[in-house]
Amino acid sequence: MPREMPKFEKSPPELVEQFNAALGRVGTPDTTRRAMFGYPCAWINGNMATGLFAKQWWLRVDEPDREVLLALPGAHPFEVMPGKAMGRYVTMPDSLVADTAALDAWLEKALAFTRTLPPKR
């Protein structure tokens, strides 16, 4: 049975602004920004750390942090294609995205974890 193709709707401008502001607060010189499929993302050494997909904000964390994040109401594995979770990427719940201090803390964890991965060229 063929999989349903995802709808590639644009991220809301307010969410894009929030993404840029958050990376302005917690990003470091090794954090680069570029789009992936038209959505803003942050990268370290060629590895994706965090980004937007439509109305979702996802991040990449180590396994213990992934379990903690997935335990939050509204968090779920990040899937572009339904049924195809993307490894350690987790979509953050709206309540976390709305809490600046908590958001920044999780982004710092994502950036720190991504920094430990081997560089991609």
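Student: In which helix is Asp104 found, and is Asp104 buried or exposed?
Tutor: In this predicted model, Asp104 is found in helix α4. A residue counts as buried when its relative accessible area is under 20%, and the value for Asp104 is 12%. Asp104 therefore falls on the side of the cut-off that is called buried.

Student: What span is expected for α4 at 1.5 Å a residue, and how far does α4 reach from its first C-alpha to its last?
Tutor: Helix α4 has 16 residues, and at 1.5 Å a residue the expected span is 22 Å. The buried residues of this helix include Leu103, Asp104 and Trp106. From its first C-alpha to its last, α4 reaches a distance close to that expectation, namely 22 Å.

Student: Where is Asp65 placed, and which residues does Asp65 touch when those up to four places away in sequence are not counted?
Tutor: The place of Asp65 is in helix α2, which covers residues 63–70. With a relative accessibility of 18%, Asp65 counts as buried, because the cut-off for that word is under 20%. Not counting residues up to four places away in sequence, Asp65 touches Trp106 and Lys109.

Student: How do we know where the buried residues of α1 lie, seen down the axis of the helix?
Tutor: Helix α1 runs over residues 13–26, and its 14 residues should span 20 Å at 1.5 Å a residue, which agrees with end C-alpha atoms that are 20 Å apart. The buried residues of α1 are Leu15, Phe19, Ala22, Leu23 and Val26. Seen down the axis of α1, these buried residues fall within an arc of 95 degrees, so they line one face of the helix.

Student: Which exposed residues are carried by the face of α1 turned away from its buried side, and against which elements do the buried residues pack?
Tutor: On the face turned away from the buried side, α1 carries the exposed residues Pro13, Glu14, Glu17 and Gly24. The buried residues of α1, for their part, pack against β1, β2, β3, β4, α3 and α4.

Student: How much space lies in the largest pocket, and which element gives the largest share of its lining?
Tutor: The space in the largest pocket is about 170 Å³, and the residues that line this pocket include Phe8, Met36, Phe37, Trp58 and Met86. The elements that give two or more residues to the lining are β2 and β3. The largest share, three residues, comes from β3.

Student: What is the phi of Phe37, and what is the phi of Asn45?
Tutor: Phe37 is found in the loop between β1 and β2 and is exposed, with a relative accessible area of 70%. Asn45 lies in the loop between β2 and β3 and is partly exposed, at 32%. Each has a positive phi in a residue other than glycine, and the value is near 55 degrees for Phe37 and near 50 degrees for Asn45.

Conventions. Residues numbered from 1 in each chain as written. Predicted model: local features only at pLDDT ≥ 70, side-chain atom pairs only at ≥ 80, totals over all residues. Heavy atoms only, no water. Helix = DSSP H or I, 4+ residues; strand = E, 2+ residues; numbered from the N terminus. Expected span 1.5 Å × (residues − 1). Buried < 20%, exposed > 50% of the residue type's maximum accessible area, 1.4 Å probe, protein only. Arc of directions from axis to C-beta. Contact = heavy atoms within 4.5 Å. 1 Å grid on protein atoms, 1.4 Å probe; cavity = no way out; pocket = protein on both sides within 12 Å on 5 of 7 lines; lining within 4 Å. Points joined across faces, edges and corners; volume = space filled by probe spheres on them.
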